[in-house]
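Hi,

Here's the structure I promised to pass along. Have a look at it first, and then read on for what turned up.

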Amino acid sequence: MLRFILWRLLQAIPVLLAVISITFFLVRFAPGGPFDADKAVVPEVRAALEAQYRLDQPLHRQYLAYMGDLLRGDLGPSFKYPGRSVNELIATGFPVTAELGLYAMGIALLIGGAAGLVAAQRPNTMQDYLPMSAAMLGICMPAFLLGPLLVLVFGIWLEWLPVSGWGQLPGDKILPSLTLGAAYAAYIARLARGGMLEVMSQDYIRTARAKGLPEYKVVLGHGLRTGFVPVVAFLGPAFAGILSGSFVIETVFQIHGLGRFYVQAAFNRDYTLILGCTVFLATLILTFNLLSDILAAWMNPRLRAGLNTGRN
Amino acid sequence: MPLLDLAHLSVSFHTRAGIVRAVDSVSFSVAPGETLGIVGESGSGKSVCCLALLGLLPRPPAVIESGSAHFEGKDLLALNERTLRTIRGRRISMIFQDPMTCLNPCIPIGEQLIEPLLQHRNTRRRTARQQAIALLDEVGIPAPERRYRSWPHELSGGMRQRVMIAMALIAEPALLIADEPTTALDVSIQKQILELIKAIQSRRNLGLIFVSHDLAVVRNLADQVLVMEQGRAVEQGAAEPIFNRPQQPYTQKLLAAIPRGSKTTSPTETAQPVANLLEVRTLTTRFTQADSKQPFTAVNSVDFDIRQGEILGLVGESGSGKSTLGRSILNLVRPDSGSVRLRGQQLMGLNRRQMRPLRAQLQMIFQDPYASLNPRMSVFATLAEPLRLHRALKGEPLASAVGALLEDVGLPPSCMRKYPHEFSGGQRQRIAIGRALASQPTLVVADEPVSALDVSIQKQILELLLRLVARHNLSMLFISHDLAVVRALCDRVLVMHRGQIVEQGPTEAVWTAPRDPYTRALIAAVPRL
């Protein structure tokens, strides 16, 4: 088990390194800079600013210096929010994004899992076609369309829920979470249906039925464990998508989370904030992928034995 | 008073291609303590009968058209799902064919074992556990307390089938349905499982329905026999008269198809000293193992020769290394040491490129004709590929060579444009044999080529192989777990056990006077008619 995790962590290092390096040079090569504002800055002031942020040094020095800081866990000062470090900005934005992501994931699992399970019970009937058509719609509809649509229906026509914000009015967390979760609910529904369909045709399901177990015990007790392995394996990538995709939702619903910082940083050429967010999200994504792989392996008793003896 | 009285059961499958009558007005009864054997070839409706009794047929597409099945005062076929569930696993239990796939791989066997008790008897978990451990002991599983917590993949096939039997018995049913329970097992394990079923049946006075395609197995077990063909009961009654004096041509055909006796070889052939085609010396093949640092020695320092024009049998149980040996001599699996000489030429150590010109001489026939043919290639494409590659044929000569191959294996030229799914198992194996013969090989390794086939088809394929070996002066290594087949086909035989050859000699000598204790046990375990 330990060996498996260590090996995966080792594999993550070059990936992270590549992500950081590519991002570092890409933002530098993009036209414009953090101090190219509309109104001209006095050259002396500009020089002082660039010296403060090491922009006067050659690029490779800046890169090495940044990597050195990174090793100490310091993501540097923000270019656009004077006096605030990137670490601070992430610390204020991330809890909101994390909460949003968690709710979205919960909704996706609940709706998607249930829909897939129900559909797999009677394949090629209305019970299958209805949830799966809804899932197809969920996959095809982008969040920036679904969000405003939900706002229009539930916020403006029905006046049931607030149209924007996060944690300011009761119920304002529902629509953003639903919008973000919808696409993933759809993917999960398709994965769950496929997994369950395959499992339900296995011989051991017939054995379970021959024991006289009621159908819900056959499905939940015998089918779910193997049928949901694809879903579990998808959780890592799904979390990655939810975290990095949440900026659309945060923009649509005026939420001050990490995603909005990220987008604004890109507009502002806030080099350190862009890099900081990228490094942070990449680390999270790698972690979640590792966790979901471990979980999926643990669900298979053959692989679990391998995990316990330290082989992979 | 019979335990179960089935009358005029008819089952159809409503598919897109039309309505298929799977079972047509079949009737039978089983008394307590009595065994009904149902025999027939695949697709004859044996399993459908059993699954229909318990309402386990997938509906749709299956439809029970008519019939009644009286069991303990109820008509099983008329019961609703809820009531039927109280009978399944409690009054009637079922054991299935493949113990490898019939246990849930993600649940420890103890948990699976006590499910019927928790479901039907409201037993408390602790009591259920004790009962389960006692039953595991009764079905012959060593260290039952430890095994209770094992995962299915930690048990061998025979052990898993014992667990299946324990699971079927735990709620103390009155009727046990065993659907080909030993077909997936080795002959020695089969013997143990059959003895176990027999012992438990008499101890508990169980009614038993035993479904099998193997007539010898059924004969050793059954009081009553039902012979099925294409959904119909062609012959039924007490077992002895049916096996001794079968009235129906179909039953006679089934009995006649069972391989028996030895290969008849003319004395002049054996008198001549024949050159060795292939010489294998101290051949060893190892595999790295997933759960151990030690490599697994699949083939351990094996010596033997294959003579020109002979069929050499290679028998052994699953895991004995016979398939690995077959692949090792063809360099399909890389051996670790030893030597393999084909007409004096060393094959060991040749890489893929160097092997390629020799491939034409060394061909292989595989076990499962459903898996070994590419489903996207027509018969013509399948047979033309080796002809183009090894004999550089094209155009008209290619087409006529394909036609000649088809004729050789007994298929009409019209099947050239067809695809594998349009053929039966026996026909597919003929195509696979044709593919092996296309490059005009000198040695063919046939790995269990008839074990996936029905007994009557098996007979035809064996006759075909004999004919082809004689006509093309082939040599063949015939790998099989079935001693009766090997005896009927092979000139000499190798017996393999745990990677080593424990005995070799002329087939009849080994059969009648086996010297090695393992060979003796193997021969004793073969069910006889």
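Predicted model: local features only at pLDDT ≥ 70, side-chain atom pairs only at ≥ 80, totals over all residues.

Let's start in chain A. Helix α7 (residues 174-200) of chain A and helix α10 (residues 229-252) of chain A have axes that come within 10 Å and cross at roughly 160°. That angle is over the cut-off of 145, and therefore α7(A) and α10(A) are roughly antiparallel to each other. The crossing of α7(A) past α10(A) is right-handed. On the α7(A) side, the residues making the contact include A:Pro176, A:Leu180, A:Tyr184, A:Ile188 and A:Gly195. From α10(A), A:Val229, A:Phe234, A:Ala238, A:Ile242 and A:Ile249 are among them. Which classes of residue make up this contact? It has 14 nonpolar and five polar residues, and no charged ones.

Now over to chain B, where there's a sheet to look at. Four strands form this open sheet, in the order β2-β1-β4-β5 (chain B), and the pairing is antiparallel. At the edges sit β2 (18-30) and β5 (74-75) of chain B, each of which pairs on one side only. Strand β1 (residues 4-15) of chain B and strand β4 (residues 62-71) of chain B run antiparallel, joined by eight bridges.

Elsewhere in chain B, B:Arg125 is part of helix α5 (residues 125-138). Is B:Arg125 buried or exposed? B:Arg125 counts as exposed because it has 10 C-beta neighbours inside 10 Å, and 12 or fewer is the cut-off for that. B:Glu115 is 10 residues away from B:Arg125 along the chain, and their C-alpha atoms are separated by 9.5 Å.

Finally, the two chains meet: 19 residues of chain A are in contact with 25 residues of chain B. On the chain A side, the elements giving two or more residues are α8 (203-210), α9 (215-227) and α13 (301-308). Of these, α8(A) gives the most, with six residues. By class, the chain A side has six nonpolar, seven polar and six charged residues.

Happy browsing!

Note on methods: Residues numbered from 1 in each chain as written. Chains lettered and ligands numbered in written order. Buried ≥ 20, exposed ≤ 12 C-beta atoms within 10 Å, placed from the backbone. Axes fitted to C-alpha atoms, helices over the stretch in contact; angles between N-to-C directions. Parallel < 35°, antiparallel > 145°, perpendicular 65-115°, else oblique. Left-handed = near helix turned anticlockwise from the far one by under 90°. Contact = placed C-beta atoms within 7 Å. Nonpolar A, V, L, I, M, F, W, Y, C, P; charged D, E, K, R; others polar. Pairing = 2+ DSSP bridges.
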